[in-house]
Amino acid sequence: MEAGSNMEHIALQAEPRPVMNKGHLKQLRQDGMVPAVLYGRGKANQILQVDSRRLNQILASEGSNVLLNLQLKSADAGDGAETVMFKEIQRDPIFRDQILHVDFIRISMTDKIEVEVPLIFTGEPVGVKDEDGVLEILMREITIKCLPAEIPENFSVDVSDLKIGDSISASSLELGDRLELVTDPDEPLVQVSIVLEEEEEEEEEELEEELEEGTEELPEEGVAEQEEEEPTS
């Protein structure tokens, strides 16, 4: 259960933009730009725009836990670069590859930050291969705290030895001395369970039989009406 690391500064150019209404923002996106904002570390917020194609390239190749050298075109040379990370990425709810807005946060390379790191599950569990169990992935990322330069790209979790009833918790991850686990250590990440399809089918069949028996025991409508009538004198 090792961590894969990939921390290098990736260059991304940004331009200042004015405050816009919805119509202007829509036109901005159609022109291939993504509205963004930069904040943090006690400095004033900056309203920006970045190139959509370049942004998607970075996310596709590096992921969202990447250190960015954000270069502001309008600033003087040497003063326009900020070390930042993605804080929030808003995507279109239907067209997920379309980014609607990005929040960047300024960071210090000497201050620890909390980040979510994806989990990669490897191997085929014994409980699936030999015992007809099913692998259930309960978490696909965990939260850790560390220095920006030490953020791992992912954590690899080997599930090969899992039998039916076995699980792996967050505390099983090998973080080392530099990474601090924020996720609950007892939180299960993955487990192998028994397939319950046959039991569910049996329960459904029993329920259907009970319903059929109940229907057969109901009195006919005419008989019921006769029994409810009071005798006349």
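## Helix α2 and its buried side

A residue is termed buried when its relative accessible area is under 20%, and exposed when that value is over 50%. In this predicted model, helix α2 spans residues 52-62, and its buried residues are Leu 55, Ile 58 and Leu 59. These residues lie on the same side of α2, because the arc they cover around the axis is only 95 degrees. An α-helix has 3.6 residues a turn, so residues three or four places apart point the same way.

The face of α2 turned away from this buried side carries Arg 53 and Ala 60, both of them exposed.

## Packing and ends of α2

At the N-terminal end, α2 is capped by Asp 51, a side-chain oxygen of which lies 3.2 Å from the backbone nitrogen of Arg 53. Gly 63 follows α2 and has a positive phi, near 85 degrees.

## The chain as a whole

The chain contains five helices and 14 strands. Of its 233 residues, 30% count as buried. Among contacts with a separation of 6 or more, 68% are between residues 24 or more positions apart. The accessible surface of the chain is about 15,200 Å², and carbon and sulfur atoms account for 44% of that surface.

## Confidence

The average pLDDT of the chain is 85, and 79% of the residues score at least 70. Over residues 221-231, pLDDT stays under 50, and the model has zero contacts beyond four places in sequence for this segment.

Definitions and conventions
Residues are numbered from 1 along each chain as its sequence is written. This is a predicted model: local features need pLDDT of at least 70, side-chain atom pairs count only at pLDDT 80 or more; totals for chains, interfaces and linings use all residues. Side-chain values use heavy atoms; hydrogens and water are left out. Buried means under 20% relative accessible area, exposed over 50%, partly exposed in between (1.4 Å probe, protein chains only). Helices (H or I, at least four residues) and strands (E, at least two) are DSSP runs, numbered from the N terminus. The arc is that of the directions from the helix axis to the C-beta atoms. A polar contact is a pair of N or O atoms within 3.5 Å; within protein, one must be able to donate a hydrogen and the other to accept it, and residues adjacent in sequence count only if both atoms are side-chain atoms. pLDDT is the predictor's confidence in each residue, from 0 to 100. Contact means heavy atoms within 4.5 Å. Accessible areas come from the Shrake-Rupley method with a 1.4 Å probe; for residues, only the protein chains shown count as cover.
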